[in-house]
Amino acid sequence: MSRELIDADIRTARTLPSRYYTDPSVFEGLKSVFNGWQFLAHNDELSINAMLPIEHLQAINGESVVLLSDEAPRVLSNVCTHRGMRLVLEPCTKKTLQCRYHGRNFSLNGTLRHMPEFEQSIGFPSSADNLREFPLKQWMGMHFTTLGKGMELPWDMLEKRLGFLSPESFTYDAERDRDHTVEANWLLYVDNYLEGFHIPYVHPELNQALDYSGYITETFDGGVLQIGKATKGDITFDLPQGHPDEGQEIAAYYLWLFPNMMFNFYPWGLSVNVVMPVSTKRCRILYRGYVKDAELAGQGAGSELDTVEHQDQWVIEEVQKGMASSAYDRGRYSPTKEQGVHHFHRMLSQFNQAP
Ligand code: FES
Ligand SMILES: [Fe+2]
């Protein structure tokens, strides 16, 4: 009988074998995990530009889509049905979708409107000439799409917990845009995100703002929620009456959704990180920031974002080098501090049944 790669009991489980971080065939085998829900943009970005080509989705799973606001938001294929030119190449406020290659024109619901020099074609246009529409999920002001082959995510449960923050009213701040290349496997970026165990060692500044002993990790189907408690007198959320966390001094909610999306809620607003796999030893991280209260942005747990980010990147790049060692294969989990990493590894190994 085959045993599970990652034991359900964290006290006996061993971590992912190092080949998960180094072997190109494992890297390829895991690509299907990106076919489920993926973050596109916040509604404030869509209010600035009516058409947003989602470049990072193309980097993640190869799909070229455009998020646009017609009467309602829609996600359409961004690939012309003639010979495959990408239609929208940069965010814009245009009201028509016209291909820049040979002039094919689509209405904003994706139906073909006009194509020059096709009068003599037979059986044209047909439904195959329209742009494919992809599913759209709107959640707390954010838009997501899916290739339809991933797990369902517990949107309602999370909205009950975090909806009091009203992220749908936050303002997009382009100054906070970042796109970093990290010389490490994407799994290492996620592993590192899913534990606060390293905070005292890697992030001395953040450690001042968080009460490390009060750090909480909750796992659920589809993700992990980590709750950072504030040190005395530091800035915290105003939790409404009856909220499950009422009475606690919370400095940050760190939400990860499978497999590569991170939503960091702070009293000042929200930062989103999306991890893009590039190769066994390289990934890219997209950052977006949405502000609720600009005055709070310099205070508390979310104020040193760039510093914290560089510290994380430094440590995971060193871990990537460690993964190539013949002397290291698997480690063990801390039962009290690494529940999130254990949960992620179990989800991954269940996806990737290959031994
Ligand atoms: S590829 Fe778009 S009109 Fe030819
Ligand atoms: Fe960190």
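How many salt bridges does the rule find across the interface of domain 1 and domain 2? I start my notes there, keeping in mind that this is a predicted model.

**Entry 1: the domains.** I looked up the domain assignment of the protein chain first. Domain 1 comes in two stretches, 1-33 and 154-355, and domain 2 covers 37-148. I then took the centres over C-alpha atoms and found 31 Å between those of domain 1 and domain 2. For the contact, I noted 26 residues from domain 1 and 17 residues from domain 2.

**Entry 2: the interface.** I read that the size of an interface is often given as the accessible area lost when the parts come together. For domain 1 and domain 2 I have about 1,900 Å² buried between them. Carbon and sulfur atoms hold 72% of that area.

Entry 3: My opening entry is settled here: the rule finds one salt bridge across the interface of domain 1 and domain 2. I also looked at salt bridges by residue, and noted that the side chains of Glu-45 and Arg-288 form one, with 3.8 Å from N to O. Glu-45 falls within the 37-148 range of domain 2, and Arg-288 within the 154-355 stretch of domain 1. For polar contact between the two domains I wrote down six residue pairs, both residues at pLDDT 80 or more.

**Entry 4: the cavity.** The largest cavity holds about 50 Å³ of space. Which residues line the largest cavity? I listed Val-33, Gly-36, Trp-37, Gly-150, Met-151, Leu-153, Phe-258, Pro-259 and Phe-351. Sorted by class, seven of the lining residues are nonpolar and two are polar, with no charged residues.

Technical notes. Residues numbered from 1 in each chain as written. Chains lettered and ligands numbered in written order. Predicted model: local features only at pLDDT ≥ 70, side-chain atom pairs only at ≥ 80, totals over all residues. Heavy atoms only, no water. 1 Å grid on protein atoms, 1.4 Å probe; cavity = no way out; pocket = protein on both sides within 12 Å on 5 of 7 lines; lining within 4 Å. Points joined across faces, edges and corners; volume = space filled by probe spheres on them. Nonpolar A, V, L, I, M, F, W, Y, C, P; charged D, E, K, R; others polar. Domains from an automatic or database assignment. Contact = heavy atoms within 4.5 Å. Buried area = accessible area lost by both parts, 1.4 Å probe. Salt bridge = Lys/Arg side-chain N within 4 Å of Asp/Glu carboxyl O. Polar contact = N/O pair within 3.5 Å; in protein donor to acceptor, adjacent residues only side chain to side chain.
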